[in-house]
Structures are given as structure tokens and as C-alpha cells.
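Thanks for coming. Please look at the sequence and the model on the screen, and I will walk through them.

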Amino acid sequence: MQRANTTEGLDKKGATKPKGEVWEERWHPLREEWVIIAAHRQDRPWKGKTVHHEQNSLPEYVADCYLCPGNTRVSGARNPAYTHTLVFDNDHPSVALNAFENLPKPPGIYRNRPAQGIARVVCYSPKHNLSLAELELYEIVTLLRVWQEQYRELGSRPNIAHVLIFENKGEVVGVSNPHPHCQIYATNFVFKTIETEANTSRRHLAETGRVLFQDVLKAEREDGRRIIAENDSAIAFIPYFARYAYELYVAPKATHASLADLSDPERRDLAELLQHVLVKFDNLWNISFPYVMTLHQAPTDGGDYRAFHFHIEFHPPLRKPDLLKYLAGPEIGGGNFLSDTSPEQKAAELREQPIVHYKRASKGKV
């Protein structure tokens, strides 16, 4: 679905209007909401705050880093001398299995319930100075295997309804420790975005007999302009309805409810595309590209999730090297995203980037 108005030509009074200005709404079928596209706003004058990227090289090991091998964390626990990945329970968990259940009843129409669950941290590498984009392919394959194991183990618990795996990367999204890592929240509730996606997918299957995400993939292939890369069993693209400038999805081509359901060849293909798009992100402006990455996996509450299509979403906050996409009146107050960029143009920019990381290229490593 699409609603659009372009200013090319004459306005209602017959006056000449500026060319290139398009006001368009694009339907986001997974979230069931409209996204406003006003790409001409990307180059509007800006006198506000800008982002500066420090290019300081980090050491492989930092003595006071809570995530480096052998170091003592804030809880007093000491990290092992790990050589690949490390998984441990978060020392400052946002949810806990022993959350107090007998909460005081709130007044009137208000409701509350205990937020129970398990919060974990997954370190990608013992090296403090790497990012997911800089890992070797076999290391990303290993990380995906760890994610599979965590989803299975945590999701099998009777009190866990959902396993959310995510990475916040970069100071502009609030990360204070650059050591490469992600987090896992395994909870007694399903996070709202996943709940909505599961419901819309289930309804679409019931009404059409088709998997909703497969219809998204079909539309992206028919258009072709927003596809960044693909291989035998995986595909990466900026969706037609992207809310952020460089919002990107990486998905298996076959429908699976979770990463845990992927075969070994599918896992390797997914790792390969993850590596490619992450390198392209960094190469775009020769920086360690910030983003929020989330794994969209089916809830583990025993429901019917045949219609759910596992995929990974990237939500980068930058729309230019030095400018953030701020969430303001339309997004926070109105509830609809206003995008200042064209998904087709941003996809073209990413496709042009090489798949050799700029740091390796500068050292002559290919």
C-alpha cells in the first residue's frame, strides 16, 4: 500500500513547485503502521548537534575492561581466559527469575506484573579492539551457533516466553564499553514488536495462505533496487518501508521460526551475508558504524508460530556521517516514523561499498 504526493509540476494554484520533493507514506506490513518518506529533507540546513567519530586505535586487551579475558567484573566474578566467545549472566540484569511476585495492587485501571527472566551477555571475541564487522567468517559462524544454543536452552524453560538477542553498538546509542558483545533477555513476556509481528504474520497466513515475510521477499525481488546482497539461502536488503536511513534486514530465504531451526549450510550463508553487510556499513564512511541489531525470533511460549519468519534487523541511528536521526514530534508524539531519506538511494550507496573492510584494505590484507 502506498500514498504519495509529488511537488514536481504545478501546485493547486498553478504556481511552479520545486522539483524532487516527494511526500509519501509507505505501509510497514510487519508493524502495521505507515512510514512517512520525505527524502528531500535529508539536505535541509542543520545548525544543531553533530557527531564526531574518534579514530583512536584500541588495544587488544584493556586491564579495567569488565569483558576482557581474565579480568574481574563488577560482581566480583573473574572472566576465564576465553579464546572465542564467552557467555555469562549479566551483573546488572534488567529482569530476574526471583523478581518479587506479590506486588502491591495499583489503583483503578492500572495493572502490574513481575518482570521475570534471565539476562545474559555474549562476548564475541577476547579481543577488545574488534567489532562484529571485523571478525573472520568462521568466528561469525561460531557466534551464530552460540545464539542457537542460547535460544534453545533458555527458550526450553517453562517460565520463559521469549528470547530476545540484541546488540547495541556505538556511543551514539549509549554503549560505554566497545568490547564486542551483545545481550540476551529471556523473559516471561514477549516484547511488543515481536508480539505484533507474530500476530500480523499469523493473521496474514490465515487470510491468504501465505507467509507474510515471504510476500515481503517476493516484493523486494520483483523491485530489486533495495537488495544489497544474496547467496544460496540468505538475502540482505533495505526494506521498502525502512524507517531509518540505513535500516537493513538479513534473513534466510526459507521460513524458519528461529535461528535455531537453520541447517549448517543456512547458518554459514547467513554468517557470510552478515559479514558482508557489516563490512559495507563500516566502509560507507570509514568508521565503526553504530547500530541497534535485533534477532527477530518466534516466542517460546508454546504457541503456533508457523507463520513467523526469523530475520535480523539493523537500525543504525545515523543518516549522515555526523548527523543522527532524532526521534521527535512525529515519532514520539504522533507514533509514526518520518524518514528523511530514500530507501532506494541508501541501498544503492551500500551496494557500491566493497566487501573488504577498510582497515584490512589499508594494510593490504584481502
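A salt bridge here is a side-chain nitrogen of Lys or Arg within 4 Å of a carboxyl oxygen of Asp or Glu. By that rule the structure holds 25 salt bridges. Before I go into them, two remarks on the source. This is a predicted model, in which local features need pLDDT of at least 70 and side-chain atom pairs count only at pLDDT 80 or more, while totals for chains, interfaces and linings use all residues. Residues are numbered from 1 along each chain as its sequence is written, and side-chain values use heavy atoms, with hydrogens and water left out.

Now the overall picture. The chain has seven helices and 17 strands; these are DSSP runs numbered from the N terminus, with helices being H or I of at least four residues and strands E of at least two. Of its 366 residues, 51% count as buried. Buried means under 20% relative accessible area, exposed means over 50%, and partly exposed is in between, with a 1.4 Å probe and protein chains only. The chain exposes about 18,100 Å², of which carbon and sulfur atoms supply 51%; the areas come from the Shrake-Rupley method with a 1.4 Å probe, and for residues only the protein chains shown count as cover. Contact means heavy atoms within 4.5 Å. Among contacts between residues at least 6 apart in sequence, 66% join residues at least 24 apart.

Back to the salt bridges. Asp-89 forms one with Arg-120, and the closest N and O atoms are 3.0 Å apart. Asp-89 is in strand 6 (residues 86–89) and Arg-120 in strand 7 (residues 117–123), so this pair ties together parts 31 residues apart in sequence. Are these two partners buried or exposed? Asp-89 counts as partly exposed, at 44% relative accessibility, whereas Arg-120, at 11%, counts as buried. Another salt bridge joins the side chains of Arg-210 and Asp-215, at 2.9 Å from N to O. Arg-210 is partly exposed, with a relative accessible area of 42%. There is also a network, in which salt bridges that share partners join Glu-24, Arg-26, Glu-220, Asp-223, Arg-225, Arg-226 and Glu-344. Within it, Arg-26 and Glu-24 meet at 3.2 Å, N to O, and Arg-26 and Glu-24 are both buried.

Which charged residue is buried yet has no salt bridge? That is Asp-282, in helix 4 (residues 264–285). The nearest side chain of opposite charge is Lys-169, 4.2 Å away. For charge, Lys and Arg count as positive and Asp and Glu as negative, and His and the chain ends are not counted. Leaving aside neighbours within four places in sequence, the contacts of Asp-282 include Lys-169, Ser-131, His-357 and Tyr-358.

Next, the nonpolar cores. A nonpolar core is a set of buried Ala, Val, Leu, Ile, Met, Phe, Trp, Tyr and Cys residues joined through side-chain atoms within 4.5 Å. The largest has 62 residues, and those touching the most other members are Leu-132, Trp-147, Leu-248, Val-250, Leu-270, Met-293 and Phe-314. Helix 1 (residues 137–155) supplies the largest share of this core, nine residues. Apart from it lies another core, of 11 residues, among them Val-216, Ile-227, Tyr-249 and Ala-251.

Ala-251 sits in strand 12 (residues 248–252) and counts as buried because its relative accessibility is 0%. Ala-251 and Phe-310 are 59 residues apart in sequence, but 6.8 Å apart in space, C-alpha to C-alpha. Phe-310 is also one of the contacts of Ala-251, along with others including Phe-213 and Leu-270, leaving aside neighbours within four places in sequence.

Last, the aromatic rings. Rings of Phe, Tyr and Trp (its six-membered ring) pair if their centres lie within 6.5 Å; planes under 30 degrees apart count as stacked, over 60 as edge-to-face and the rest as tilted. The structure holds 15 such pairs. In one of them, Phe-166 and Tyr-185 have ring centres 5.0 Å apart and planes at 80°, so the pair is edge-to-face. The pair links distant parts of the chain, with Phe-166 in strand 8 (residues 162–169) and Tyr-185 in strand 9 (residues 181–187), 19 residues apart. Both Phe-166 and Tyr-185 are buried. Elsewhere on the list, Tyr-246, Phe-281, Trp-285, Phe-289, Tyr-291 and Phe-314 form one aromatic cluster.
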